[in-house]
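Hi,

Here is the structure I promised to pass on.

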Amino acid sequence: MTAGLARRLAAEALGTAGLLAVVIGSGIMGERLAGGNEAIALLANTAATVGGLYVLITVLAPISGAHFNPVVTLVGGIARDVPWRDVAPYAVAQLAGAVSGVWIAHAMFAIEILQASTKVRTGFGIWLAEAVATFGLIACIRLGSRHAPGSVPGIVAAYIGAAYWFTSSTSFANPAVTVARAISDTFAGIAPGGVAAFIAMQLAGAIAALWVCDWLVASSPGDE
């Protein structure tokens with residue numbers, strides 16, 4: 001492994017760990033302070049995630065691209081923006097970081113480190129929401145990178161904040177996040193039985209977004 005790849009993988013692991021610490025930690029804090037009001041808890045969870053995501057993308061994008069998400073890396077590989085040899089190592093680093101971030105959040109709030117979520121998230125509407133959420137995320141990244149590259153951190157953070165509320169799944173849109181949230185029996189968790197369907201729909205949404213975005217930006221002499 002080259003020193004450059006090692007630094008990129010470390011940035012991906014660190015960033016994904018930070019993201020999950022924010023998601024899980026703010027969910028725990030929000031639920032504790034909301035007095036049973038799930039809307040307030042979700043609002044707190046959303047606000048923290050938007051802020052954390054913006055910061056993490058901004059500071060780590062120059063090092064690794066700040067994917068923090070296996071489907072973002074996979075789409076980059078398919079589009080030849082990311083070398084195929086880096087796709088699997090990125091995914092491993094992202095997953096390891098995600099799990100570490102969950103455990104860090106548990107430790108900060110003095111709850112059991114090793115858990116399994118009991119929060120059921122299943123059904124056609126929720127599965128469709130994951131495809132929609134991931135489609136939108138990939139579209140934001142690909143179109144934003146082409147037309148407003150300096151604004152991508154804000155675009156992605158704002159979209160995820162909106163998708164927390166307009167999707168019935170609260171927008172996981174990330175296989176590493178999905179797996180990691182299955183090991184947290186907290187506000188942001190997902191029961192392990194729902195993970196496979198979420199990831200399948202995330203992959204479907206990501207591939208659809210890649211195709212649509214490539215078509216939107218394609219140009220040929222006969223287009224005008």
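Below is what I found on two helix-related spots, α1 with α4 and then α3. Keep in mind that this is a predicted model.

First, the α1/α4 pair. Helix α1 (residues 3–33) packs on helix α4 (residues 84–108) at about 35°, and the axes lie 6 Å apart. The crossing is right-handed. On the α1 side the contact includes Leu 5, Leu 9, Ala 13, Thr 16, Leu 20 and Ile 24, and on the α4 side Tyr 90, Gln 94, Gly 97, Ala 98 and Gly 101 are among the residues taking part. By type, the contact residues split into 14 nonpolar, six polar and three charged.

Thr 16 is worth a click. This α1 residue has 0% relative accessibility, so it counts as buried. Its side chain comes to 2.6 Å from the backbone oxygen of Glu 12. Leaving aside residues up to four places away in sequence, Thr 16 touches Gln 94, Gly 97 and Ala 98, as well as Phe 68.

Then there's α3 (residues 70–78): seven of its nine residues are buried, so the helix is largely enclosed by the rest of the structure. Those buried residues are Pro 70, Val 71, Val 72, Thr 73, Val 75, Gly 76 and Gly 77, and they pack against α4, α5 (124–147), α7 (175–181) and α8 (195–217). At the start of α3, a side-chain oxygen of Asn 69 gets to within 3.0 Å of the backbone nitrogen of Val 71, while just after the helix Arg 80 has a positive phi of about 65°.

Cheers

Technical notes: Residues numbered from 1 in each chain as written. Predicted model: local features only at pLDDT ≥ 70, side-chain atom pairs only at ≥ 80, totals over all residues. Heavy atoms only, no water. Axes fitted to C-alpha atoms, helices over the stretch in contact; angles between N-to-C directions. Helix = DSSP H or I, 4+ residues; strand = E, 2+ residues; numbered from the N terminus. Left-handed = near helix turned anticlockwise from the far one by under 90°. Contact = heavy atoms within 4.5 Å. Nonpolar A, V, L, I, M, F, W, Y, C, P; charged D, E, K, R; others polar. Buried < 20%, exposed > 50% of the residue type's maximum accessible area, 1.4 Å probe, protein only. Polar contact = N/O pair within 3.5 Å; in protein donor to acceptor, adjacent residues only side chain to side chain.
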